[in-house]
Amino acid sequence: MCDLLSMAEPLPCNLTGYYCPEASYEMLPCGPNMTTSNLTLASSDLDCLCVPGTHLVDPLRTDAGCAPCILPDYYQPDEAKVSAVMRPSATFNKVLALVKA
């Protein structure tokens, strides 16, 4: 005899910011400041990526999440990066300049 769960058709794990481990009945959230690519289905926490403006807290553990870059000296415009980038000399942060104005 089948129960209701065994009769349900599997759905793709395509909600941004979540992943679905194999043989799981639920979607699990990515760590803090993390998301998933909208180009692939996420099946593990390794599919979780840092959002722009953040970097991995611990490059060896994606479950530790991502931390914001320290402004105004560091930035990260891309997603899925391990570290923040030091802002080049003779540049400024346009968003911070507008906020302080």
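Are Cys50 and Cys66 buried or exposed? I found that both Cys50 and Cys66 are buried, where buried stands for under 20% relative accessible area, exposed for over 50% and partly exposed for what lies in between (1.4 Å probe, protein chains only).

**Entry 1, the model.** I note that this is a predicted model, in which local features need pLDDT of at least 70 and side-chain atom pairs count only at pLDDT 80 or more, while totals for chains, interfaces and linings use all residues. Residues are numbered from 1 along each chain as its sequence is written, and side-chain values use heavy atoms, with hydrogens and water left out. I looked up the pLDDT (the predictor's confidence in each residue, from 0 to 100) and found an average of 77 for the protein chain, with 79% of the residues at 70 or above.

**Entry 2, the disulfides.** I counted two disulfides, taking as a disulfide a pair of cysteine sulfur atoms within 2.5 Å. In the pair of Cys50 and Cys66 the sulfur atoms are 2.0 Å apart, and the link is left-handed, with -80 degrees about the S-S bond. This pair links distant parts of the chain, since Cys50 is in strand β4 and Cys66 in strand β6 (residues 66-68), 16 residues apart. Cys69 is in no disulfide, and the nearest cysteine sulfur, that of Cys50, is 8.8 Å away; Cys69 is itself buried, at 8% relative accessible area.

The sulfur atoms of Cys30 and Cys48 are 2.1 Å apart in their disulfide, which is left-handed too, at -75 degrees about the S-S bond. Cys30 lies in the loop between β2 and β3 and Cys48 in strand β4, so this pair ties together parts that are 18 residues apart in sequence. I find Cys30 buried at 11% relative accessibility and Cys48 buried at 6%.

Beyond its neighbours within four places in sequence, Thr35 is in contact (heavy atoms within 4.5 Å) with residues including Cys30, Cys48 and Glu79. Asn38, in the loop between β3 and β4 (48-50), is exposed, with a relative accessible area of 68%.

Conventions
Helices (H or I, at least four residues) and strands (E, at least two) are DSSP runs, numbered from the N terminus.
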